[in-house]
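Keep the structure open as you read.

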Amino acid sequence: MTAVTRLVALAAVALAVATGCAERTTPGQSLPVRHEPEPLTQRFPGLGEPVSTEWVSWDNNSERGAAPGPSTVWIEAVVELRPDRAGELRALSLLTGEDPDLRDPLRPLLPAGPFRTGRALDRALTGETASEWWPRAYLEETGNRLVLLAVLPA
């Protein structure tokens, strides 16, 4: 996928999320909070070795009973980074005034902010290799917690 194609696709997903077209919840079903870091660090090696992780994941076929086929997958996480890694990522980001929007059951874990964001921070999470995941990261200005919203499009 070329950089232009990826940028256009990312813009389309962002527009879908912003307009509510993307299904971000599993109606009538509580999402289990997971704590094991490996599924996150395998997909986002730029997290390093987190101190702790709380995350949820779901796909667009979770509840609908849709026929098997391509699925879009979402991950939302609150990750406590090691202080040195948080500092490295902070240097790649800007204080933008943007705030993440977490779904239940992670909403109570949302840091107060303000948050640092930016494309360089997002790219740093997936590592050196091309990734099919589209992360959006929000790093606390003064703490070590990072909020991760990621999409793996179908």
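This is a predicted model: local features need pLDDT of at least 70, side-chain atom pairs count only at pLDDT 80 or more; totals for chains, interfaces and linings use all residues.

Residues are numbered from 1 along each chain as its sequence is written, and side-chain values use heavy atoms, with hydrogens and water left out.

Begin with the open sheet, whose six strands follow the order E1-E2-E6-E5-E4-E3 with antiparallel pairing. Strands here are DSSP runs of E with at least two residues, helices are runs of H or I with at least four, and both are numbered from the N terminus; two strands pair if DSSP finds at least two bridges between them. At the edges you will find E1 (52-59) and E3 (94-95), each pairing on one side only. Strand E2 (residues 73-80) meets E6 (residues 145-152) over eight antiparallel bridges, and Val78 stands opposite Val147 in E6.

Now look at the helices. Helix H3 (residues 83-90) lies across E4 (115-117), E5 (134-140) and E6, at about 110 degrees to E5. Axes are lines fitted to C-alpha atoms, for helices over the stretch in contact, and angles run from 0 to 180 degrees between N-to-C directions. In H3, Ala86, Leu89 and Arg90 are buried (under 20% relative accessible area; exposed is over 50%, partly exposed in between, with a 1.4 Å probe and protein chains only). Seen down the axis of H3, these buried residues fall within an arc of 100 degrees, so they line one face of the helix; the arc is that of the directions from the helix axis to the C-beta atoms.

Finally, the charges: the whole structure has nine salt bridges, each a side-chain nitrogen of Lys or Arg within 4 Å of a carboxyl oxygen of Asp or Glu. In one of them, Glu141 and Arg116 have their closest N and O atoms 3.0 Å apart. Glu141 lies in the loop between E5 and E6 and Arg116 in E4, so the pair ties together parts 25 residues apart in sequence. Arg116 is buried, at 15% relative accessible area, whereas Glu141 is partly exposed, at 24%.

Methods:
Contact means heavy atoms within 4.5 Å.
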